[in-house]
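This report covers helix packing, a nonpolar core and a sheet in a predicted model. The sequence and structure come first.

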Amino acid sequence: MPDEFKNEFLKRHIFLYRAMFSLILCLICMTKAAGLYQSKGLLIFYVLIYLFLWGGEEFLYSGKDKEKRRYYLYSVLTAAALLAMTVASFFGRLPVFCAFGNLMIGILLITDDYILCNVYNTLIALIRRFIYSFLLSMAVFRPYWGTLKNTWKTLLLLDAFLVFLTVQLTASMIYLIITYHDKRYNKIYFKHLDVIEENKNLQTLQDKIEKVNSEINFQRLNLTRANSELERMNVEIRSLIDVMKFFSSGFSIREHAEYMLKNVTNVKKTSVSGLYLEKDAAMQDRPLIVIDPADSSLAPVLQRDIEQIYNLICEENIREPFVLIENFKPNSHYLQSDRVCNAIAFPSYDGDRFYGVMVCVATSYDFFLSGLSFYESAVMDFTSALISDRLYSQTEDMAKKDGLTKIFNRVYYNRFFPELCDQVMAGNSVMSLAMLDIDHFKSVNDTYGHLAGDEVIKMVAKVDEKYAEKYGGYAVRFGGEEFLLILPGVGLSDAKDILQQLHRDVRETVIHFEDKDISVNLSIGIACYKETCGNLQEIVDRADRAMYYSKEHGRGRITIDGKEGE
């Protein structure tokens with residue numbers, strides 16, 4: 001019998017037992033209370049039997065014991081209860097309705113034993129049912145044998161047969177029911193197994209589909225990520241191409257640096273980026289610092305430390321990107337600020353020579369997690385542009401500047417001076433021009449040699465260039481030992497003061513050549529457009545004549561055009 005059916009059957013039986021035990025105990029109590037039965041001891045004995053049965057049934061139905069042991073205990077309980085009722089029948093008889101209750105309880109006990117102990121149409125089952133039926137007949141009918149006319153043996157046998165027949169019919173009916181339900185159960189069970197197997201197959205298929213879907217989603221996510229990465233790389237490549245195009249369109253190193261840093265800020269969204277170039281990296285005479293301040297509050301921090309960062313790069317010979325700060329954890333004492341979250345320095349070098357560093361600063365976590373190749377490519381492109389700019393500057397210097405003095409030569413003067421004159425006239429401005437000539441230069445060469453003469457020329461050119469840069473003018477080696485100082489926008493009075501300072505600097509400068517000290521003087525002539533000269537095309541000749549006046553009248557003096565006698 002299937003355990004499901006058995007358990008469900010017993011659950012329904014327990015209710016019937018409780019009802020019958022309660023009814024019989026109530027009837028016994030009512031019988032005793034009404035005085036219909038006088039044997040107090042026998043009633044108590046039966047009450048004890050009923051309570052024993054009730055407690056045993058409750059314990060066994062509770063399922064607290066193991067199944068096989070429960071079946072064994074139930075057989076013992078059934079046999080003990082029937083024997084106790086049989087023994088009680090020898091001491092008196094109960095009222096008819098109580099005896100009928102004993103009969104019903106006995107049939108239920110035998111039926112439950114039949115079901116619980118799995119004894120069906122076997123010889124042992126028939127013998128057990130016969131013994132139980134006999135004991136039940138003795139317990140129920142034996143007290144009444146004396147009231148019958150026939151012998152008690154005949155009645156006893158007849159009663160036992162009737163009880164046995166009732167029990168056997170009940171057992172056969174239960175067996176048929178169980179057999180029928182077993183067949184249905186087996187049919188449903190195997191059908192259920194098919195359904196279970198089909199469900200397993202469906203579940204397996206569903207798992208495969210979910211796995212495929214997960215894989216598809218994973219691939220889709222990877223594809224999306226790859227597309228995003230590809231789009232980012234495309235943006236970076238396009239931006240680097242734009243930078244290279246800009247680099248090829250001109251030769252201004254500052255403009256190149258500014259454009260590169262602006263591109264880095266736009267593409268990578270850095271908070272602030274900066275570039276430091278050492279002196280002479282691109283033919284400049286001082287270090288170049290360019291800052292692109294997307295976050296203006298951090299610009300002063302980078303401006304303050306970028307030169308020291310470059311010095312650290314050079315001292316430690318760092319050629320790979322150097323992490324200065326990573327997620328607020330500093331690796332150096334530079335760029336210390338409560339807002340700087342990440343900072344990396346990218347060294348710029350050409351062969352074995354360092355010439356600069358690019359520093360990128362961000363205020364967000366894991367800012368450089370996507371990689372550093374873009375920044376390194378930007379620095380490499382800038383290095384290429386810097387080399388081109390340097391070559392161009394060198395070529396341009398060779399064309400524009402005098403090889404000895406490094407100031408503008410006569411050839412370049414002939415190119416820019418007409419344009420400068422047009423600008424001055426277009427702006428209705430003034431311009432002063434001074435012609436400088438080294439006094440007794442031939443005697444310097446004759447006395448100290450031409451190498452000493454070259455040092456004298458370089459010294460005068462250096463002073464000339466100093467004042468040209470200071471006042472926004474041009475220093476030109478006009479020929480031999482003659483120089484020009486061109487001062488656009490400077491009037492005669494200011495030009496006179498400037499030339500007096502220049503004259504004094506040259507006169508007071510001592511040139512140490514080998515073991516000799518050499519001092520020289522200048523003869524200077526000054527002309528000023530609009531004040532001494534109304535035609536810019538004549539200003540050089542006017543200054544030249546004034547200079548010759550100085551040489552012819554004692555040398556070592558300054559002569560103003562038109563005021564030679566003063």
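**Packing of H11 and H12**

In this predicted model, helix H11 (residues 441–448) packs against helix H12 (residues 450–470) at an angle of about 140 degrees, and their axes are 7 Å apart.

H11 contributes Phe441, Val444, Asn445 and Tyr448 to the contact, and H12 contributes His450, Ala452, Gly453, Val456 and Ile457. Of these contact residues, six are nonpolar, three are polar and none is charged.

**Nonpolar core**

The largest nonpolar core holds 35 residues, and Leu436, Ile438, Leu485, Leu499 and Leu502 have the most contacts inside it. Elements giving two or more residues include strand E7 (431–438), H11, H12 and helix H13 (492–508). H12 gives the most, with nine residues.

Beyond its neighbours within four places in sequence, Ile438 is in contact with residues including Val456, Ile457 and Val460, as well as Phe483 and Leu522.

**Sheet and flanking helices**

Six strands form an open antiparallel sheet in the order E2-E1-E6-E5-E3-E4. Strand E2 (288–292) and strand E4 (329–330) are the edges, each pairing on one side only. Five bridges join E2 to strand E1 (residues 272–277); in one of the pairs, Ser273 has Asp292 of E2 as its bridge partner.

Helix H7 (residues 253–268) packs on the sheet and touches E1, E2 and strand E6 (353–362), its direction making about 30 degrees with that of E2. Helix H8 (residues 299–316) also packs on the sheet, and its direction makes about 140 degrees with that of E6.

Notes:
Residues are numbered from 1 along each chain as its sequence is written. This is a predicted model: local features need pLDDT of at least 70, side-chain atom pairs count only at pLDDT 80 or more; totals for chains, interfaces and linings use all residues. Side-chain values use heavy atoms; hydrogens and water are left out. Axes are lines fitted to C-alpha atoms, for helices over the stretch in contact, and angles run from 0 to 180 degrees between N-to-C directions. Helices (H or I, at least four residues) and strands (E, at least two) are DSSP runs, numbered from the N terminus. Contact means heavy atoms within 4.5 Å. Ala, Val, Leu, Ile, Met, Phe, Trp, Tyr, Cys and Pro count as nonpolar, Asp, Glu, Lys and Arg as charged, and the others, Gly among them, as polar. A nonpolar core is a set of buried Ala, Val, Leu, Ile, Met, Phe, Trp, Tyr and Cys residues joined through side-chain atoms within 4.5 Å. Buried means under 20% relative accessible area, exposed over 50%, partly exposed in between (1.4 Å probe, protein chains only). Two strands pair if DSSP finds at least two bridges between them.
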